[in-house]
Amino acid sequence: ALAILAMPKHVATSLRELALLSDEIHFLAGDKSVDTSWYTKRAGLSAIYANAELFMTQDKSANFKETEEFLNRRLEGAQILRNIIGDAGQWAGVQAMGVISALRSKGVRT
């Protein structure tokens, strides 16, 4: 099935199914986001899922143990990246407020 969906004439169907699956996983996990993170979360999960599925095709370990470990590493990496991005966004917000405060102290209307 994976080989068939990877064929050029089935790419649109494959991407649609992957998007629906990712959306369903996030819905079942209780995600209620309505901002741009709705898209980034689903795109990230889709990439992780597709990579894990490809990894699984070469996994010869019992009960796909290596695939499970691979998936866990990808999910941990995504969580670390999400934390870094969140921290950077928070830092940028604080810096922006500092600039606005400095401008206001100089009499600039914002």
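**Figure 1. The side chains of Asp35 and Ser37 form a polar contact at 2.5 Å.** A polar contact is a pair of N or O atoms within 3.5 Å; within protein, one atom must be able to donate a hydrogen and the other to accept it, and residues adjacent in sequence count only if both atoms are side-chain atoms. Asp35 belongs to the loop between α2 and α3. Helices (H or I, at least four residues) and strands (E, at least two) are DSSP runs, numbered from the N terminus. With a relative accessibility of 45%, Asp35 is classed as partly exposed. Buried means under 20% relative accessible area, exposed over 50%, and partly exposed in between (1.4 Å probe, protein chains only). The model shown is predicted: local features need pLDDT of at least 70, side-chain atom pairs count only at pLDDT 80 or more, and totals for chains, interfaces and linings use all residues. Residues are numbered from 1 along each chain as its sequence is written, and side-chain values use heavy atoms, with hydrogens and water left out.

**Figure 2. Ser33 is a buried residue of a loop.** The loop in question lies between α2 (11–28) and α3 (37–58). Ser33 counts as buried because its relative accessible area is 15%. Its side chain makes a polar contact of 3.1 Å with the side chain of Asp31. Leaving aside residues up to four places away in sequence, Ser33 touches Trp38, Lys41 and Arg42. Contact here means heavy atoms within 4.5 Å.

**Figure 3. Ser22 is a buried residue of helix α2.** The relative accessible area of Ser22 is 2%, and this residue is therefore counted as buried. When residues up to four places away in sequence are not counted, Ser22 is in touch with Arg42, Leu45 and Ser46. Arg42 is also among the residues that Ser33 touches.

**Figure 4. Asn63 and Phe64 have positive phi values.** For Asn63, phi is near 55 degrees, a positive value in a residue other than glycine. Phi of Phe64 is likewise near 55 degrees, again in a residue other than glycine. Asn63 is placed in the loop between α3 and α4 (65–105). Phe64 is also placed in the loop between α3 and α4. Asn63 is exposed, at a relative accessible area of 75%, whereas Phe64, at 38% relative accessibility, counts as partly exposed.

**Figure 5. The chain as a whole contains 4 helices and 0 strands.** From the N terminus on, its elements run α-α-α-α. The radius of gyration of the chain is 21 Å, whereas a compact globule of 110 residues would have one near 13 Å. This radius is taken over C-alpha atoms, and the globule rule is 2.2 Å times the number of residues to the power 0.38. Along the principal axes, the C-alpha atoms fill a box of roughly 65 × 30 × 25 Å. Of the 110 residues, 14% count as buried. Among the contacts with a separation of 6 or more, 26% come from residues 24 or more positions apart. The mean positions of the 13 positive and 12 negative charges are 11 Å apart. Lys and Arg count as positive and Asp and Glu as negative, while His and the chain ends are not counted. The place of a charge is taken as NZ of Lys, CZ of Arg, CG of Asp or CD of Glu.
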